[in-house]
Amino acid sequence: MKLTKLFFIVLLATVLLFGGQAEAGGLKHLGKHLEKMGQNVLHATEKVVHVLKEVKDLTKKDTNDS
């Protein structure tokens with residue numbers, strides 16, 4: 001239910017922002033922002049995976065030592 005409302009609000013905002021534009025300037029600008037956010041998420045995920053892998057290795061060493 002909440003996801004449907006969120007989707008509807010995002011769709012409505014997109015139509016209101018870009019409905020009257022004849023050229024793709026606004027959409028291109030939005031696409032660049034979305035791409036940048038995606039890159040940030042990717043880099044953050046790569047960092048987290050690396051840290052979690054090290055933590056897992058450390059806990060594995062701790063259990064083997066005892």
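A residue counts as exposed when its relative accessible area is over 50%, and as buried when that area is under 20%.

**View 1. Residue F8 on helix α1 of the predicted model.** With a relative accessible area of 53%, F8 passes the exposed cut-off and is therefore classed as exposed. F8 lies in α1, the helix that covers residues 2–18.

**View 2. The nonpolar surface patch that includes F8.** F8, I9, L12 and L16 together form this patch, which has an area of about 450 Å². In general, an α-helix has 3.6 residues a turn, so residues three or four places apart point the same way.

**View 3. Helix α1 from end to end.** Helix α1 is hardly covered, with one buried residue among its 17.

**View 4. The chain as the setting of these views.** The chain contains two helices and zero strands. Of its 66 residues, 3% count as buried.

How values were computed: Residues numbered from 1 in each chain as written. Predicted model: local features only at pLDDT ≥ 70, side-chain atom pairs only at ≥ 80, totals over all residues. Heavy atoms only, no water. Patch = residues over 30% accessible without salt bridge, like charges linked within 9 Å, V, L, I, M, F, W, Y side chains within 5 Å. Areas by Shrake-Rupley, 256 points an atom, 1.4 Å probe, with all protein chains shown as cover. Salt bridge = Lys/Arg side-chain N within 4 Å of Asp/Glu carboxyl O. Helix = DSSP H or I, 4+ residues; strand = E, 2+ residues; numbered from the N terminus. Buried < 20%, exposed > 50% of the residue type's maximum accessible area, 1.4 Å probe, protein only. Expected span 1.5 Å × (residues − 1).
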